[in-house]
Amino acid sequence: MTALRLVMLAATAAAAALAVAPAPAAPEPLPTALAVDGVHLKVESSGGEFDAGGAVIGAWLTRSAGIVAAYYGSFPVPAVTIDLRLGPGSGVQGGSTYADPDALIRVRVGQEVTADQLASDWVMVHEMTHLALPDVGPTHAWLSEGLATYVEGIARVQAGNRAEEDVWAEELRQMPRGMPQPGDAGLDRTHSWGRTYWGGATFCLLADVDIRRRTHNARGLEDAVRAIAHASGGLKAEWPIERVLRTGDAAVGTTSLEDLYARMKDTAWAPDLPALWRELGVSSDGETVHLTDEAPLAAIRHAIMRAPARRS
């Protein structure tokens, strides 16, 4: 048999194989509605389909809502629309949250986003957390952004979606960026990125530790923010920050939030973060975070990362 004949036979066989091979399956469509722990998620998207498929996207939204519901005892609102803005590239690329007149979360997601990227995503949990705090106005954006930054990591640890060491490593690395810089006039008057996100998150950590110290670990920040969410209805309400903090303090039986706000709102007060890490038993050798149970506040560190009971 000639070489030409062999080539022709091979080409014929390849064509036949292609003719009978099944066409690639089309991506599953996005779910248009999901129900998670009593909350109704309406899902909207425009611009095409995600390569990962609708089931993977739905699992991401369901998981994120469940994480937030577990931290707050229930999801902050009974219904929310999730508007997914499809774009080029991969990953979850940022978002924003609204509540006027109804709860709406708009998130940019790359068309090539993968299941692994969605499994480790922080953006959706961060945005959903915004729904639980009343609108305190732009002057106090540090509280809304700082609280969402702080709660995201802890809530995901409590749900088994993130490693505790990873959260402490992030705080060790990022919270110094939230400390006052030259010319700082306090959280209410200094609106840099570092002060807004990580200065606010530092406020939340300090408040969490102080509440637990004063209550002998019987209460924590999650009890305060649960009460705030329950009393206000969340982001759709407009509350002065004083009412927000007073409501949270009343729920835990301390004045931790109000005292800390008085200290940090209009002065460049900086906590001793290295001393706090030592007391909590958190250290780093530059590559690995080490947690020690011999530290004075190790029990508080454990309690912060432990899933709270479903009490309001």
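User: Hi, I'm new to this one. What's the mean pLDDT of the protein chain?
Analyst: This is a predicted model, and the mean pLDDT of its protein chain is 91. In that chain, 90% of the residues reach 70 or more.

User: And where is the pLDDT below 50?
Analyst: Over residues 1–19. Beyond near neighbours in sequence, that stretch has 2 contacts in the model.

User: Ok. How many helices and strands does the chain have?
Analyst: There are 12 helices and 7 strands. The C-alpha atoms fill a box of roughly 90 × 50 × 40 Å, taken along the principal axes.

User: How much of it is buried?
Analyst: Buried residues make up 49% of the 312 residues. As for contacts with a separation of 6 or more, 67% of them come from residues 24 or more positions apart.

User: Let's talk pockets. How much space lies in the largest pocket?
Analyst: About 550 Å³. Rolling a probe the size of a water molecule over the atoms shows where empty space like this is left.

User: Which residues lie nearest its centre?
Analyst: His126, Glu127, His130, Glu145 and Tyr197, out of 29 residues that line the largest pocket.

User: Which elements do the lining residues come from?
Analyst: β4 (92–98), α4 (123–130), α5 (141–158), α6 (164–174) and α7 (193–214) each supply at least two. The largest share is from α5, with 6 residues.

User: What's the lining like by class?
Analyst: For the largest pocket, 11 nonpolar, 11 polar and 7 charged residues.

User: And the second largest pocket, how much space is there?
Analyst: About 300 Å³. The second largest pocket is lined by 17 residues, and Leu206, Asp210, Arg213, Leu260 and Trp269 are the closest to its centre.

User: Which elements give two or more residues to that lining?
Analyst: α7, α10 (256–264) and α11 (273–280) do. The most comes from α7, which gives 6 residues. By class, the lining of the second largest pocket has 9 nonpolar, 1 polar and 7 charged residues.

User: You mentioned α11. Which of its residues are buried?
Analyst: Leu273, Ala275, Leu276, Trp277 and Leu280. In an α-helix there are 3.6 residues a turn, so residues three or four places apart point the same way.

User: What do the buried residues of α11 pack against?
Analyst: They pack against α6, α7, β6 (282–284) and α12 (298–305).

User: What caps the N-terminal end of α11?
Analyst: Asp272 does, with a side-chain oxygen 3.2 Å from the backbone nitrogen of Ala275.

User: And what follows α11?
Analyst: Gly281, and its phi is positive, near 85°.

User: Switching topic: where is Thr81 found?
Analyst: Thr81 sits in strand β3, which covers residues 79–87.

User: Is Thr81 buried or exposed?
Analyst: Thr81 counts as buried because its relative accessible area is 18%, and the cut-off for buried is under 20%.

User: What does Thr81 touch?
Analyst: Leaving out residues up to four places away in sequence, Thr81 touches Lys42, Glu44, Ala103, Leu104 and Ile105.

User: What separates Thr81 from Asn217?
Analyst: Their C-alpha atoms are separated by 37 Å, and the two residues are 136 residues apart along the chain.

Terms used
Residues numbered from 1 in each chain as written. Predicted model: local features only at pLDDT ≥ 70, side-chain atom pairs only at ≥ 80, totals over all residues. Heavy atoms only, no water. 1 Å grid on protein atoms, 1.4 Å probe; cavity = no way out; pocket = protein on both sides within 12 Å on 5 of 7 lines; lining within 4 Å. Points joined across faces, edges and corners; volume = space filled by probe spheres on them. Helix = DSSP H or I, 4+ residues; strand = E, 2+ residues; numbered from the N terminus. Nonpolar A, V, L, I, M, F, W, Y, C, P; charged D, E, K, R; others polar. Buried < 20%, exposed > 50% of the residue type's maximum accessible area, 1.4 Å probe, protein only. Contact = heavy atoms within 4.5 Å. Polar contact = N/O pair within 3.5 Å; in protein donor to acceptor, adjacent residues only side chain to side chain. pLDDT = per-residue confidence, 0-100.
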